[in-house]
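Good morning, and thank you for making time for this item. Please bring up the sequence and the model, and I will go through the packing of the helices and the arrangement of the strands.

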Amino acid sequence: MEIYLDNSATTALSPAAKKAMSSAAELYGNPSSLHSFGFDAQKLVDEARKNILTALGARNVGELVFTSCGTEATSLALFGTAFAKERFESKRILTTDSEHPSVSKALERLDGFGFEIIKLPTKKGVIDETALSEALKEKIFLATFMMVNNESGALYDVANAFAEIKKKYPSAITHCDAVQGFLKTRFTPPQIGADLVSISAHKVHGPKGVGALYISKDMLKQKKIVPFLLGGGQENGMRSGTENVIGISAFGAAVADIYPRLDATISHISALREYAINTLSSLELKLNIPEGACAPHVLSITLPNIKSETMLHLLSRSGIFVSSGSACSSHSKTPSSAMTAFGLTPKEADSTIRISFSEYNTKEDIDTLKDALVSGLTTLVRTGRR
């Protein structure tokens, strides 16, 4: 029996997504072709776009640009706004110290182009409001904050942060990496004050290799964003390249499957997280609970002087799959920057595992995980394999 508890890394394809992929595979026309085969393919893309915009609560206030992944969506948001104009009143970009590498690495590149990057502390999973106020003493042109931290599970108050930014600088652009937040918590881009929102299919039971960027109508109207992938002008000129019709159709189907029962899904995974906290709290572990709001699907655990990789391999041999943090940086030799920003020491960060839930998980999965952790802790301590 295998138990998958690494849903922040990726999720299983839903039956609806599988069915959509199979159907779309039969329609092999290019959406840009001006014949019936092309029209049929374009209909699938348009239907998926409608489904996702509906789930975002944004059908009439913005556009959705399909990309190859959440990382590309974020790159379009950051580079597309940074190079939209030749001159800026400000080149200051506001972010946090615990962003996903798709944001932090892109900002490193922009720093090399002369942009000034200001990182706000997020100790214990809370955006430092004093640091935010201090940073806003000088004008910024862009703010990019993640909604949910993929390692700690912190649910950041981006709505409050963006409101403060817009109040001080109405023309500032706000981007939210909502890859871990989409369909895990209810929000709309207008509600959180975001001009741009990145999402990804494979975090919501869709296929890998598909993402999307929400862009507000005002952003498009004022030409505050430009494409950086050029070519045939697909996606209304914002992202050239023939659309991945099979993946996009499956993305839309996965969203359409979850969205009508979203409250029940959130309730289920929230209950699993609470059950896991109660079940594992008796063990010799440190549960890294954010001081602010928490996402319903992520729980971070620090082991007692045992490297996370060692425990991962032991659990894996028992058919239980968890993570040491972001799958995108799992091969890094340095401690997790997200968890050190949270407040862990480098040694603690190197001993931290993440469990993450989906609607397919059960309380029995957590009971089995507890038994495996007890056995693993006993074995590793006894043998000195730490």
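The axes of α2 and α9 come within 8 Å of each other, crossing at roughly 35°. This is a predicted model, and what I report is computed from it. The crossing of α2 and α9 is left-handed. On the α2 side, the residues in contact are Ala41, Leu44, Val45, Ala48, Asn51, Ile52 and Ala55. They meet Val245, Ile248, Ser249, Phe251, Gly252, Val255 and Ala256 in α9. Sorted by class, the contact of α2 with α9 has eleven nonpolar residues, three polar ones and no charged residues.

Helix α9, residues 245–258, also packs against helix α1, residues 15–25, with axes that come within 8 Å and cross at roughly 150°. At that angle, α1 is therefore roughly antiparallel to α9. The crossing of α1 and α9 is right-handed. Which residues of α1 meet α9? They are Ala16, Ala17, Ala20, Met21, Ala24 and Ala25. Their counterparts in α9 are Val245, Ile246, Ser249, Ala250, Ala253, Ala254 and Asp257. By class, the contact of α1 with α9 consists of eleven nonpolar residues, one polar and one charged. Please note that Val245 and Ser249 of α9 are listed in the contact with α1 and are listed again in the contact with α2.

A further helix pair is α3, residues 70–82, with α4: the axes come within 9 Å and cross at roughly 30°. The angle makes α3 roughly parallel to α4, and the crossing of the two is right-handed. From α3, the contact takes in Thr71, Thr74, Leu78, Phe79 and Ala82. From α4, it takes in Ser102, Val103, Ala106, Leu107, Arg109 and Leu110. The residues in the contact of α3 with α4 divide into seven nonpolar, three polar and one charged.

Let me now turn to the sheets. Seven strands make up an open sheet with mixed pairing, in the order β2-β8-β7-β6-β5-β3-β4. Which strands stand at the edges? They are β2, residues 62–67, and β4, residues 116–120; each has a single partner strand, so one side of each is left without a neighbour in the sheet. From one strand to the next, the twist averages 20°.

At the β4 end, strand β3, residues 92–96, pairs with β4 in the parallel sense over five bridges. Threonine 95 has lysine 119 in β4 as its bridge partner. Helix α4, residues 101–112, packs on the sheet and touches β3, β4, β5 (142–146) and β6 (173–177). The direction of α4 makes about 155° with that of β3. Helix α2, residues 36–55, lies across β2, β7 (196–200) and β8 (211–216), and runs at about 120° to β2.

Side chains of opposite charge can pair when their charged atoms come close. The count for this model comes to 14 salt bridges. One of them joins glutamate 116 and arginine 92, with 3.6 Å from N to O. Where in the chain do glutamate 116 and arginine 92 lie? Glutamate 116 is in strand β4 and arginine 92 in strand β3, so the pair, 24 residues apart, links distant parts of the chain.

There is also an open sheet of three strands, in the order β9-β10-β12, with antiparallel pairing. Its edge strands are β9, residues 286–288, and β12, residues 352–356, each pairing on one side only. The twist in this sheet averages 30° from one strand to the next. Strand β10, residues 298–302, runs antiparallel to β9, and three bridges join the two. Asparagine 288 stands opposite serine 300 in β10. Helix α10, residues 262–280, lies across β9, β10 and β12, at about 20° to β10.

That concludes my presentation, and I would be glad to take questions.

Definitions and conventions:
Residues numbered from 1 in each chain as written. Predicted model: local features only at pLDDT ≥ 70, side-chain atom pairs only at ≥ 80, totals over all residues. Heavy atoms only, no water. Pairing = 2+ DSSP bridges. Helix = DSSP H or I, 4+ residues; strand = E, 2+ residues; numbered from the N terminus. Axes fitted to C-alpha atoms, helices over the stretch in contact; angles between N-to-C directions. Contact = heavy atoms within 4.5 Å. Parallel < 35°, antiparallel > 145°, perpendicular 65-115°, else oblique. Left-handed = near helix turned anticlockwise from the far one by under 90°. Nonpolar A, V, L, I, M, F, W, Y, C, P; charged D, E, K, R; others polar. Salt bridge = Lys/Arg side-chain N within 4 Å of Asp/Glu carboxyl O.
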